Amino acid sequence: MNKFYITTPIYYVNANPHIGHTYTTVAADVLARFHRLIGDKTFFLTGTDEHGAKIEEWARDAGLKPQEFVDRVSAKFQFIWNELNISNDRFIRTTESEHMRAVQNALEFMYKKGDIYKGEYEGLYCRGCEQFKTERDLIDGLCPDHKVAPELMKEECYMFKMSKYRDEILKKIEKDEFKILPAERKNEISSFYKNEKLEDVSFSRKNVKWGIPLPWDETHTTYVWADAFLNYLTGLGWTGPEDKNGSWREYWPADVHLMSKDILRVHATIWPAMLLSLGLGLPRELFIHGFFLVDGQKMSKSLGNVISPEDLMNRYGVDGTRYLLMSATPFGHDGDIGWNKFDEKYNADLANGIGNLVARSITLAEKASLIKGDRGDLTQNSKIPEAEQARYGAGKTQNHNLKFKTEIEQSWKTYQENLLELKIDSAIDVINKRIKFLDGYITEMKPWEMIKNSNENTGEVMYNVLESLRHVALMLWPFMPETAEKIYESLGLDMGKEMAEDKKFEDAIEWGGLSFETKIKKGGVLFPRIF
RNA sequence: CGCGGGGUAGAGCAGUUGGCAGCUCGCCAGGCCCAUAACCUGGAGGCCGCCGGUUCAAAUCCGGCCCCCGCAACCA
């Protein structure tokens, strides 16, 4: 059995969850669910990053203690992931004492090893803020809060000897032992390594109280990135470099660290250097997805075009939101979104596509039973018509059976290939092609007419449709778990049983899995059309 | 010559290893009546940013130019 360990970045709690966080997290969830579906031993980690000067400030502004503040914001993340059916195995917070202890153990190890040494940090310091500022913090070269030009100042700090690991990391990147995808992102990073000097990085701060104290010098706290990165290990239960055989070993190294491009650089430099210093393996892959533009413009509060996850869920529901985020743009590139586009796609793919197909199929199946005079409550619990006949493919239509079988097999193959390569949008295309095909098949075969004429092949045609629907639902499950379950229910099946431990994926995706004894059940409208 | 990405039908985008230019929405014309004003079929609409080169063959490979966008590290 393969293992699959996927992470999102841990989100900095200076802001509430926004669409970018949501996008990364839903994508990770889709991939995690897919790997569970195919039987991999899967671990999906997300969480919140809760230390640093910014948090102190925000807490002060909110009139709260830092811990109260981070508790509050972290809870919002957890709440919304729960709403969105995110199936993370663990939610890590960097203020958890186990995490903090492990970070101290790690830094102590690196310090003793000589990879962390005393140095100086030089930067622009604002006396008013009692803080170092970056160029980007400044407005016209002035501190935005105090309207004063910060002065160049030096401060004692502990430095991490990142430069030492430069060659080894670059080699691993080039050889794809440490993959960076998509390819253009790998180019970006390797040319960065080649063209710029990899300098040592400051790993501690003196004036930041809200952080993890260095074990050997408590006047310093740990630089937030050093603290944050280790979550990928502590989230698995790793307690420090002494922890050689904990259960974290079953999952490390991570298979995919999913993130957006703003944090690629640090993930491709500081993090692998830390791992090498700690004597641990590098993650197999960093996958970088793009940013959203809204109607061609950057999303920003000042433009007033911010689309929040709550807005999306209110309009499209949980599954609609998950689907739209995943299908709106090619995964791995920037993409343009907007309410018009979302409405359009929702109606086309969800209301008119899968929603309508399920509705017409189930109704036809019911009618087929009604005409045949089958027993049972005909409107609520019709039996799948003429199922035995379908199994053996009697009659003129039997070549359809074969065609369905091979085409479904092909679809599964492509679907899996795409998701293994993180081509999320392409996997969705596979599903939508099946849906289109089924709509065409129904129109062509005219089962409503067959029913009227008591055509002996009605059962077979309907079986082909319903069994195809079962496969579509299964493929849909990573993207829209609730919808998949509803479709299963309509087919008289139980998604829970399908996902049970003893069930083999290979069996589930075989053509003909729909039992002839099952009862179909008409459900409600899956995706009401938006006008 | 800082790094990287993009310019393909009215809009938004796909086009792996060069081999008839595709998808969704919109538009037009038919069909169907099972279904969520849905679904199916056909059609109109493109000098694939510009110029040159390689090739039997270029959206795709090479060179040059124009325009747009992101990133330029201790900012999470």
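This is a predicted model: local features need pLDDT of at least 70, side-chain atom pairs count only at pLDDT 80 or more; totals for chains, interfaces and linings use all residues.

Modeller: Residues are numbered from 1 along each chain as its sequence is written, chains are lettered from A and ligands numbered from 1 in the order in which they are written, and side-chain values use heavy atoms, with hydrogens and water left out.

Biologist: How many aromatic pairs does the structure hold? Why is the pair of F43 and Y251 called tilted?

Modeller: The structure holds 33 aromatic pairs. Rings of Phe, Tyr and Trp (its six-membered ring) pair if their centres lie within 6.5 Å; planes under 30 degrees apart count as stacked, over 60 as edge-to-face and the rest as tilted. The ring centres of F43 and Y251 are 5.1 Å apart and their planes stand at 50°, so the pair is tilted. The pair links distant parts of the chain, 208 residues apart: F43 is in strand β2 (residues 41–49) and Y251 in the loop between α8 (231–234) and β12 (256–260). Helices (H or I, at least four residues) and strands (E, at least two) are DSSP runs, numbered from the N terminus.

Biologist: Which residues form one aromatic cluster with F43 and Y251?

Modeller: The cluster is formed by Y5, F43, W225, F229, Y232, Y251, W252 and W271.

Biologist: What makes L350 buried?

Modeller: Buried means under 20% relative accessible area, exposed over 50%, and partly exposed in between (1.4 Å probe, protein chains only). L350 has a relative accessibility of 1%, and therefore counts as buried. L350 lies in helix α12 (residues 339–372). Both F43 and Y251 are buried as well.

Biologist: How do you know that helix α10 is mostly covered?

Modeller: In helix α10 (residues 270–278), nine of its nine residues are buried; among them are W271, P272 and M274. Just after α10, G279 takes a positive phi of about 75°.

Biologist: Where are peptide bonds cis?

Modeller: The bond from L181 to P182 is cis, with omega near -5°, and P182 lies in the loop between β7 (179–181) and α6 (183–195). The bond from W252 to P253 is also cis, with omega near 0°; P253 is found in the loop between α8 and β12.

Biologist: Why is the contact of D71 with R93 called a salt bridge?

Modeller: A salt bridge is a side-chain nitrogen of Lys or Arg within 4 Å of a carboxyl oxygen of Asp or Glu. The closest N and O atoms of D71 and R93 are 2.7 Å apart, so the pair meets that definition. D71 lies in helix α3 (residues 66–83) and R93 in strand β3 (residues 90–93), so the pair ties together parts that are 22 residues apart in sequence. D71 is partly exposed, at 33%, while R93, at 16%, counts as buried.

Biologist: Which salt bridges does E156 form?

Modeller: E156 forms a salt bridge with K118, the closest N and O atoms being 3.6 Å apart, and another with K206 at 3.7 Å, N to O. K206 lies in the loop between β9 (204–205) and β10 (213–214) and E156 in strand β6, so this pair ties together parts that are 50 residues apart in sequence. A search of the whole structure finds 28 salt bridges.

Biologist: What makes E489 partly exposed?

Modeller: E489 has a relative accessible area of 48%, and is therefore partly exposed. E489 lies in helix α18 (residues 481–490).
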